[in-house]
Amino acid sequence: MSENPLQPPWLNAPPVEEYPFEESHDLRVGPKLHPALDALLPYIGLWRGRGKGGFPTIEDFDYAQEIRISHDGRPFLHYESRAWILDEQSKPVRPAGREVGWWRPVLVDGRATDELEALLTTPSGVMELHLGKRTGTQVEFATDAVIRTPTAKEVTGGHRLFGIVEGALLYAQEMAAMGHGLSPHLSARLVRVGG
């Protein structure tokens, strides 16, 4: 007798506990860092700071941002960013951009190279595949592909430059969108507040 596909064996299984594996942005706790991530170690942490944004189709704006870069012992970093618009008195006005994704060193024979891959997704319907390179404490990414939902804004490309400078996380981001080629979009300086 064949099993009923509407009654899979896990249907009446007991509940499971919470996710049992730790992820950490603090190298003092949690899993051991995968050796392939040694060169990216300076990026792991919780960062907060301020930035300036703009684009040819919008007015310039000030924003605050929090970036969490964490790991779970495997050879990739989890990247999460959330930002909020600030007024002239540096008071929060409204939520702004969010994205989540992963940075992965390219491995050859099990060893990390200076090449990187990153996959970043936004709640506004844009997913970007970036290819890049690490040089010292600098990481540079350029889009290899952009996928958009039917209702997302027309984003066609991007370029990002990250660096650890005097202990702070600095970055600049260019974007190609809405009929404009690569143009400055975001830049910020964030300080480590955790990790």
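Trainee: How are residues numbered, and which pLDDT do local features need?
Mentor: Numbering starts from 1 along each chain as its sequence is written, and side-chain values use heavy atoms, with hydrogens and water left out. Because this is a predicted model, side-chain atom pairs count only at pLDDT 80 or more, totals for chains, interfaces and linings use all residues, and local features need pLDDT of at least 70.

Trainee: How many salt bridges does a search of the whole structure find?
Mentor: Side chains of opposite charge can pair when their charged atoms come close. A salt bridge here is a side-chain nitrogen of Lys or Arg within 4 Å of a carboxyl oxygen of Asp or Glu. Searching the whole structure gives ten.

Trainee: Which residue is linked with Glu 66 and Arg 82 in a network of salt bridges?
Mentor: Glu 66 and Arg 82 meet through their side chains at 3.0 Å, N to O. This pair links distant parts of the chain, 16 residues apart, with Glu 66 in strand 2 (residues 58–70) and Arg 82 in strand 3 (residues 77–86); strands are DSSP runs (E, at least two residues), numbered from the N terminus. The network joins both to Arg 48.

Trainee: Is Glu 66 buried or exposed?
Mentor: Buried means under 20% relative accessible area, exposed over 50%, and partly exposed in between (1.4 Å probe, protein chains only). Arg 82 is partly exposed at 39%. Glu 66 has a relative accessible area of 9%, so Glu 66 is buried.

Trainee: What is the N to O distance between Arg 104 and Glu 117?
Mentor: Their side chains meet in a salt bridge. Arg 104 sits in strand 4 (residues 92–108) and Glu 117 in strand 5 (residues 111–121), 13 residues apart. Arg 104 is partly exposed at 43%, and Glu 117 is partly exposed at 25%. The N to O distance is 2.6 Å.

Trainee: How many residues of the lining of the largest pocket are nonpolar?
Mentor: A pocket is an open set of points on a 1 Å grid over the protein atoms alone, where a 1.4 Å probe fits, with protein on both sides within 12 Å along at least five of seven lines; lining residues have an atom within 4 Å of a point. The largest pocket is lined by 35 residues, with Gly 97, Ser 124, Met 175, His 185 and Leu 186 nearest its centre. Ala, Val, Leu, Ile, Met, Phe, Trp, Tyr, Cys and Pro count as nonpolar, Asp, Glu, Lys and Arg as charged, and the others, Gly among them, as polar. Besides eleven polar and seven charged residues, the nonpolar ones number 17.

How values were computed: Helix = DSSP H or I, 4+ residues; strand = E, 2+ residues; numbered from the N terminus.
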